[in-house]
Amino acid sequence: MARNYNSRSEKDYGFLRALYYQLFVALVATPVFKLMYNLKVEGRENVPTGSKVIYAGNHVSYLDPPLVTYAVHKRIAYMAKKELFESKNQVLKFLVHSLGGFAVNREKPELATFKTVKAIFNTPWSLGIFPQGKIVKEPVIENITKGFVLFAKKFEADIVPVGICGFDGYAHRLFEKHLTAKIGKPISYKLDEDEIIREWARQICEFTGFENKVEKKEEALV
């Protein structure tokens, strides 16, 4: 029987996984980002004190989940496309699952996904989502999925944008690349759905310099 990777409970985010997560960040992610990507972080003062938060970044590489985690200094359970849990890359598949990730059907989120998000918010963990739904290599923000807005409203969780800036390929040598993570001001879940998407896109584009096609599309409809 195929394993159901979109179903997680509160016990899946207990002490042992939290310890493993923190060790991974300290012993693997931090040295990689500091020594190979010269990672700088701006805006940590915008990180809320509570855990009932959705961290939403632009998606430029497989480094994005640990990068956002390193930037905000929080334990984050990431929502990932279900294809990653069926990947032939066993290392990637293992890391996504062992670090608390869970699968989502991007076309139609299932009831189990909502139950998993509820379980996460009943723990000290936060939720991580990449609203573009996939890695986008072009410097544009468009075709935003509304799932992160639905979860924000359902669970009354504000959204913190995280702009990943300067990615132009994976590093192969020490100090080869330069990345910056910019943490934006929280976006209230109380805003209208379209307004939340507009504000997320606006902040991300301001941080990254990407083209804001969300805004241009709306202007074209006026």
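Which strands does helix H5 (residues 147-155) lie across? Helix H5 lies across S2, S3, S5 and S7, running at about 165° to S2. The model is predicted: local features need pLDDT of at least 70, side-chain atom pairs count only at pLDDT 80 or more, and totals for chains, interfaces and linings use all residues. Residues are numbered from 1 along each chain as its sequence is written, and side-chain values use heavy atoms, with hydrogens and water left out.

**Terms**
- Helices (H or I, at least four residues) and strands (E, at least two) are DSSP runs, numbered from the N terminus.
- Axes are lines fitted to C-alpha atoms, for helices over the stretch in contact (heavy atoms within 4.5 Å), and angles run from 0 to 180 degrees between N-to-C directions.

**Sheet**
- Seven strands form an open sheet in the order S1-S8-S7-S2-S5-S3-S4, with mixed pairing (two strands pair if DSSP finds at least two bridges between them).
- The edge strands, S1 and S4 (102-104), each pair on one side only.
- On average, neighbouring strands of this sheet are turned by 25° against each other, direction ignored.
- S2 and S5 (residues 126-129) run parallel and are joined by 3 bridges; Leu127 in S5 is the bridge partner of Ile54.

**Helix H2**
- Among the buried residues of H2 are Leu67, Val68 and Tyr70.
- Their cover includes helix H1 (15-36) and strand S3 (76-81).
- H2 lies across S1, S2, S3, S7 and S8, at about 160° to S3.

Notes:
Buried < 20%, exposed > 50% of the residue type's maximum accessible area, 1.4 Å probe, protein only.
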